[in-house]
Amino acid sequence: MAQIEDLLIRLHPEDNVALARQALPAGLAGPGYVLSSDIPALHKIALEDIPAGGRIIKYQQTIGTASQPIRAGEHVHNHNCVVASINKEYDYCSNAQATQYITEEERSTFQGFRRANGKVGTRNYLGILTSVNCSGTVAHQVAARLNNAFGLEAEGSVDGAVALVHGTGCGMRSSGDGFDNLQRILRGYALHPNFGGVLMIGLGCEVMQLNSLLKEVGLEECDSLRYLTIQDAGGTRAAIESGMALLQEMIPSVGSKRRETCPASELTLALQCGGSDALAGITANPALGAAADRLIRDGGAAILSETPEIYGAEHLLIRRARDRSVANALIERIEWWERYTRATGDALDNNPSPGNKMGGLTTILEKSLGAVAKGGSTQLCEVVRYGQMISRKGLIFMDSPGFDPASVTGQVASGANVICFTTGRGSAFGFKPVPSLKLTTNTAIFERMNEDMDINCGDILDGKIDVQGKGEEIFQSVLRVASGEKTKSELLDYGSNEFTPWQIGAVV
């Protein structure tokens, strides 16, 4: 008969809580305690008495404080665990170890699309970008007609046409954070190496003027980048015909591109999580962190994001900052979010989501400590604004909301050409033009949603593989996907609806 210790996960000897591997019944006895109630799977139990105001410790870190006395054997969750305060004493750059790079002869390769500017794509799409919500219908019509009437996937290496539309671009200030965000996003996508050709479509009278945008961000029309407005084209039907003609001119050149051997250093991996559970910081996120370390040792880059979901764990990244300026850039973003949420009547510790809580996560500190594990163990080399193109290799932090589509939209604009997305509850997600691998934290959700999930990290908990071994498996999958192997979300045709630029500011 299994002992209760075999049914619990205690991550560190100093932790005073443990996770239930499975649902446990009230009355089950442990060493010095008896379970006082039924414990749902992946939820926490107290291993010792914790006084009111006492620290609740997991990952050898404080994840909250007891809002009332907690007896050993009690369920620890929202009813008795709260975020009372967050330690803001930072140990600057104390663990910023130099990256041990793999020699060039030993570095991995993949098959990618080398662009004229030297960047490398993992897919070869025609992109249709919109400056304003008003041009979304035209963009969708152009993409649909190209995909359906001309069978783009039969045109050499073309993966298809994708329209990326959004709900802003007008009714906004012509300066400030919101305008800058959208401008960076449009620039990043116009230059993204997963597009062989790009058409930008506007209405003509919006705040985000296309001709001004191109000038301000240093872009010029060329054979692979064109733009039009509905008003100048003569209306909706005329704009659709004009858009079709412009993209048809690009098809022969785009379709003639062939994959070639490229070093793994040309890969930039977006690190993302959604629908997290209590195993995220134990299985999938650490394994993804190991894969990110592996890519970085190969000379590549990995982008960690979701600023509200590192809140309370940022000190771990600050210890790994390359220098004080990188650390201060991250702190500045944290402080900006504290001001932003206060101004909107919210708070950064108003998290996790209901699904996270059902999966055993209680506080933002607990969630953040697990989320940061996606960033592996290498130096934090750079902190960039939302959608800002990265300028370094290594681990990068890009400021973004915790809302997954908005965060990934920014990561792709910053240069990500592969996405790894961890989930414990079963997020359904894809993101054209960049392939997205989904990694499950537990075996049950992998088996239940096998058609949607690419890699099971639950076998770490099952004892079949360790974190480093799973990290290498993820890394090899990234190389195969970067070389053209389709992900589950691509096979299901996800990815056309997730483009979500982060909107900040009043709609006027």
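Strands β17 and β21 pair in the parallel sense over five bridges, where two strands are taken to pair if DSSP finds at least two bridges between them, and where helices (H or I, at least four residues) and strands (E, at least two) are DSSP runs numbered from the N terminus. The structure is a predicted model, for which local features need pLDDT of at least 70 and side-chain atom pairs count only at pLDDT 80 or more, whereas totals for chains, interfaces and linings use all residues. Residues are numbered from 1 along each chain as its sequence is written, and side-chain values use heavy atoms, with hydrogens and water left out.

Strand β22 (residues 436–440) in turn pairs with β23 in the parallel sense over two bridges, and Thr440 stands opposite Asn456 in β23. These strands belong to an open sheet of seven strands with parallel pairing, in the order β19-β20-β18-β17-β21-β22-β23. The edges are formed by β19 and β23 (455–456), each of which has a single partner strand, so one side of each is left without a neighbour in the sheet.

Strand β21 is mostly covered, six of its six residues being buried, where buried means under 20% relative accessible area, exposed over 50% and partly exposed in between (1.4 Å probe, protein chains only). Both faces of β21 are covered, with Val418, Cys420 and Thr422 buried on one side and Ile419, Phe421 and Thr423 buried on the other. In the loop between β17 and α6 (284–297) lies Ser276, which counts as buried because its relative accessibility is 5%. Neighbours within four places in sequence aside, Ser276 is in contact (heavy atoms within 4.5 Å) with Gly355, Asn356, Leu361, Gly424 and Arg425.

Helix α8 lies across β19 and β20 and runs at about 40 degrees to β19; axes here are lines fitted to C-alpha atoms, for helices over the stretch in contact, and angles run from 0 to 180 degrees between N-to-C directions. The structure holds 10 aromatic pairs, defined for rings of Phe, Tyr and Trp (its six-membered ring) with centres within 6.5 Å, planes under 30 degrees apart counting as stacked, over 60 as edge-to-face and the rest as tilted. One of these pairs, Trp336 and Tyr340, is stacked, at 4.7 Å centre to centre and with 20 degrees between the planes. Because Trp336 and Tyr340 are four residues apart in helix α8 (residues 324–343), they are separated by about one helical turn. At 11% relative accessibility Trp336 counts as buried, whereas Tyr340, at 25%, counts as partly exposed. The rings of Tyr386 and Trp502 have their centres 5.4 Å apart and their planes at 85 degrees, so this pair is edge-to-face. Tyr386 lies in the loop between β19 (380–384) and β20 (394–398) and Trp502 in the segment after α15 (488–491), so the pair ties together parts that are 116 residues apart in sequence. Both Tyr386 and Trp502 are buried. Ring pairs link Trp336, Trp337, Tyr340, Tyr386 and Trp502 into a cluster.

Salt bridges, for which a side-chain nitrogen of Lys or Arg must be within 4 Å of a carboxyl oxygen of Asp or Glu, number 19. In one of them, Glu366 is joined to Lys44, with the closest N and O atoms 3.0 Å apart; this pair links distant parts of the chain, Glu366 being in helix α10 (residues 364–371) and Lys44 in strand β5 (residues 44–46), 322 residues apart. Both Glu366 and Lys44 are buried. A further salt bridge is formed by the side chains of Glu266 and Arg114 (3.3 Å, N to O). Glu266 lies in the loop between β16 (260–263) and β17 (268–273) and Arg114 in strand β10 (residues 109–114), so the pair ties together parts that are 152 residues apart in sequence. Glu266 counts as partly exposed at 23% relative accessibility, and Arg114 counts as partly exposed at 24%.
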